[in-house]
Amino acid sequence: MVIVRNTALRWIRRNKILFIFGITILLFQIFLTMKFFAISKNSREQKWQPVLEKSINTVFSGADRLKSGSFDDEAASNIVQNKDIKVKINTHLKLEKLEFSPNCKISGREAVLAINRAKTRKCKQLITNVTCLSLIGELYPEKLPNFCLDERNNFGKSLGCFKDEKDFRLLSGFYGVFNKDNSPVNCMKLCLQSGFPFSGVEYSNECFCGTDEPSIGKKLPDSSCNMKCPGDVHKACGGYFTINIYHTGIKKFVPQIANTGSGTGKPVRIVFLLTLNGRALRQIKRLLKMIYDKNHFYYIHIDVIC
Ligand SMILES: *[C@@H]1O[C@H](CO)[C@@H](O)[C@H](O)[C@H]1NC(C)=O
């Protein structure tokens, strides 16, 4: 202990200026902290409260709200003890205060907050309805139509059985092994999602994707592809270096050359889809300023305010 103290003292003596500097900064920090809390305590009722109320409706920060008797004991226990601006959020939906019964059980935190935040009954009901739709998976479609199909629209069309080679794969864009669920359809879905126009199953559990159509010279009789698929016993999944190839139905990707404006063609027009929420208005203005061009399109989604 003595040794420690002695070393500490010696260190302080040796680095006097550094020590004084450090202490000054520390005192300044304490001063700032005290000042901050003094402000927040004094002006919370007038200044902070409206802001908080707007931003998180279920922030129970004012004693006046309590007095009006609009909250029960549980809610009251969530109320900040007058000290600072620490706030707890009540994530329980008070059904008896809704004045209507929701079509489903509302459980998500965000949904409950939004419903509590809404001022009118109609608005609460609207949010409730949307939440219920979302919970049963009917708010958004599960699948979107595919606009990238090739002209022949031949998703799933079989090209037949082909001879494959170890060092020269017919489909060389992707390769995966699926011991449990390889099948023409599953492999095709995988290749389609990755934008490959061709998919192929081989050696029972292998799935290949590729961009180039296999040459007709490699075609074999169907009987050469005779291994069963682990994911579909009714289908053949190639064989030993033989592969069943299918169209995924997607167009071969052809990159477009951007028009730099110097040419005679029409300028490129970009559609921007912006989903905005929160209150970062200045940020949005800045963003628009950066991306704005009179030739482009801007679709801006903003949540209903009700
Ligand atoms: C919510 O759904 C209920 C029942 O399906 C319907 O009666 C009501 O009009 C809807 N409310 C709103 C605001 O959409």
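Biologist: Is Cys 209 buried or exposed?
Modeller: Cys 209 is buried, with a relative accessible area of 1%. Buried means under 20% relative accessible area, exposed over 50%, and partly exposed in between, with a 1.4 Å probe and protein chains only.

Biologist: What should I keep in mind about the model?
Modeller: This is a predicted model, where local features need pLDDT of at least 70, side-chain atom pairs count only at pLDDT 80 or more, and totals for chains, interfaces and linings use all residues. Residues are numbered from 1 along each chain as its sequence is written, and side-chain values use heavy atoms, with hydrogens and water left out.

Biologist: How many disulfides are in the whole structure?
Modeller: The search finds 5 disulfides. The cut-off for a disulfide is a pair of cysteine sulfur atoms within 2.5 Å.

Biologist: Which residue forms a disulfide with Cys 209?
Modeller: Cys 191 does, and the sulfur atoms are 1.9 Å apart. The torsion about the S-S bond is about -80 degrees, so this disulfide is left-handed. The pair links distant parts of the chain, with Cys 191 in helix H7 and Cys 209 in strand E4, 18 residues apart. Helices (H or I, at least four residues) and strands (E, at least two) are DSSP runs, numbered from the N terminus.

Biologist: And Cys 191, buried or exposed?
Modeller: Cys 191 counts as buried, at 0% relative accessibility.

Biologist: What about Cys 187, which residue does it form a disulfide with?
Modeller: Cys 207, with the sulfur atoms 2.1 Å apart. The link of Cys 187 and Cys 207 has 85 degrees about the S-S bond and is right-handed. Cys 187 lies in helix H7 (residues 184–193) and Cys 207 in strand E4 (residues 206–210), so the pair ties together parts that are 20 residues apart in sequence. Cys 187 counts as buried at 1% relative accessibility, and Cys 207 at 0%.

Biologist: What is the handedness of the Cys 229 and Cys 237 disulfide?
Modeller: Right-handed, because the torsion about the S-S bond of Cys 229 and Cys 237 is about 105 degrees. Their sulfur atoms are 2.1 Å apart. Both Cys 229 and Cys 237 are buried.

Biologist: Changing topic. Which residues form the nonpolar patch on the surface?
Modeller: Trp 11, Leu 18, Phe 19, Ile 20, Ile 23, Leu 26, Leu 27, Ile 30 and Met 34, with about 900 Å² of accessible area together. Patches are made of residues with over 30% relative accessible area and no salt bridge, joining like charges within 9 Å and nonpolar side chains (Val, Leu, Ile, Met, Phe, Trp, Tyr) within 5 Å. Areas come from the Shrake-Rupley method with a 1.4 Å probe; for residues, only the protein chains shown count as cover. A salt bridge puts a side-chain nitrogen of Lys or Arg within 4 Å of a carboxyl oxygen of Asp or Glu.

Biologist: Where does the largest share of that nonpolar patch come from?
Modeller: Helix H2 (residues 16–55), with 8 residues. Phe 19 is in helix H2, and counts as partly exposed at 34% relative accessibility.

Biologist: Which residues form the positive surface patch?
Modeller: Arg 10, Arg 13, Arg 14 and Lys 16. Lys and Arg count as positive and Asp and Glu as negative, while His and the chain ends are not counted. Each charge is placed at NZ of Lys, CZ of Arg, CG of Asp or CD of Glu. Helix H1 (residues 2–14) gives the most to the positive patch, with 3 residues.
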